[in-house]
Amino acid sequence: MAQFKSGERVEVSSNDRGFRGSWYAGTVVRREAKNTNRYVVEYDQLYADESGEKLLQETLDWVQLRPPPPPPEKKVQFKVEDEVEAFYSDGWWEGAIIAEHSGGKFAVFLRGFDEEIVLEEKDLRLPVQWVKGKWEPRFEQVQREKENSNFSKEVMKFTQGMQVEVLTDEDGLKGAWFAATIIEPSGEDKYLIEYKTLRNDDDTEFLREVIRACNIRPCPPEIIVVDGFKVWDAVDAYYNEGWWVGVIAKVLINSNYEVNFIEYDEKTTFNLADLRPHQDWLNGKWVVP
C-alpha cells in the first residue's frame with residue numbers, strides 16, 4: 001500500500017465523468033486522517049472556481065495517486081501506432097499516434113475525447129504503470145522491441161465474421177470492452193460491427209455501430225488462473241455485459257474478490273468465474289502487465 005507525505009508531488013487519476021483515463025499533476029497537502037488511506041491533494045492546473053484564483057483541492061483514495069513518472073532512459077523516437085500519453089487540457093491523456101507531421105508534430109487520437117489532435121513531441125510520453133511501489137516499463141520495452149524488429153506499421157485489418165472486442169465511447173460504458181463480430185469495412189480504418197451483448201433501443205436486435213480500428217482488438221487468449229488472484233493484480237471484471245479494467249483490492253472467502261474500478265471510484269465484489277487476468281493488445285500482440 002502506497003504511503004504519501006505532505007508536499008510530495010503526485011499524479012492523480014480522476015474519477016469525474018469526462019476525465020477518465022487522464023492523469024493530472026498535483027501536490028499532497030495532508031493525509032485525511034491518521035488511520036485512513038485517503039489524501040487531500042491540490043492540483044497544479046485545475047481551479048476551484050471560474051476566476052482561476054484558487055487551486056482545486058480534492059480528497060482522494062490512495063489508489064488514485066502515483067508519483068510522477070521518471071524520464072525515459074533515452075530519447076524516444078515516436079512512430080505511428082505508438083501508444084502514448086498526451087498532454088492536453090492540462091492533463092495527460094491516453095491515446096495513440098495515427099500520423100506524423102513535419103516539424104516534429106504528431107496527430108494523436110485521444111480516446112477520452114474521441115477526437116484527433118496535433119501535438120508537439122514534447123507533449124507526448126510513453127505510458128508506464130505504477131505497480132506495487134515501482135514503475136513497470138512494459139510499454140518502453142515494447143517500444144525498444146519494435147525498433148529492433150521488422151514491425152509492420154500497417155493498421156491491423158479485420159475480416160468479415162471475425163470475433164473481436166470493442167472499446168465503446170458511449171456514456172456510462174466508457175472504458176469497457178464488449179464482444180462483437182466484424183460485419184464489414186466502413187471507410188478508412190473503420191468497421192461496421194455487431195455487439196454480442198448490447199441491443200438497440202427497441203431491444204429488437206443486437207446493436208450495430210461503426211467503430212475505428214484503433215478501438216477494436218482480437219479476443220484475448222484465455223489464461224488459466226490456478227491459484228487465484230492477489231491484491232494489486234490487474235484484472236478484467238465481467239460487469240454490465242462487458243469487461244471492465246480493475247485492480248484486486250481485497251481477497252474474500254469462497255473465491256470472491258473486491259475489485260476497485262479506479263476510474264469510477266467504485267468497488268464491487270466478483271467471483272473468480274467473472275474475472276480474467278488483464279491483458280493489453282499492443283503492436284499486434286498480447287502483453288500481460
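Mentor: A salt bridge here is a side-chain nitrogen of Lys or Arg within 4 Å of a carboxyl oxygen of Asp or Glu. Keep in mind that this is a predicted model.
Trainee: Okay, how many salt bridges does that rule give?
Mentor: The count is 16 salt bridges.
Trainee: Why would such side chains pair at all?
Mentor: Opposite charges can pair when the charged atoms come close.
Trainee: Show me one. What does Glu-32 meet?
Mentor: Glu-32 forms a salt bridge with Arg-38, at 3.5 Å from N to O.
Trainee: How exposed are those two, Glu-32 and Arg-38?
Mentor: Glu-32 is partly exposed, at 41% relative accessible area. Arg-38 is partly exposed too, at 28%.
Trainee: New topic. What about Lys-157, which partner does its side chain meet?
Mentor: Asp-189, in a salt bridge of 3.5 Å, N to O. That pair links distant parts of the chain, 32 residues apart. Lys-157 lies in the loop between α1 (138-147) and β13 (163-167). Asp-189 lies in the loop between β14 (176-185) and β15 (190-199).
Trainee: Is Lys-157 buried or exposed?
Mentor: Exposed, with a relative accessible area of 54%. Asp-189 is partly exposed, at 30%.
Trainee: And what does Lys-230 pair with?
Mentor: Asp-233, in a salt bridge of 4.0 Å, N to O. Asp-233 has 16% relative accessibility, so this residue counts as buried.
Trainee: Which residues do shared partners join into one network?
Mentor: Glu-11, Arg-66, Glu-85 and Arg-125, through salt bridges that share partners.

Note on methods:
Residues numbered from 1 in each chain as written. Predicted model: local features only at pLDDT ≥ 70, side-chain atom pairs only at ≥ 80, totals over all residues. Heavy atoms only, no water. Buried < 20%, exposed > 50% of the residue type's maximum accessible area, 1.4 Å probe, protein only. Helix = DSSP H or I, 4+ residues; strand = E, 2+ residues; numbered from the N terminus.
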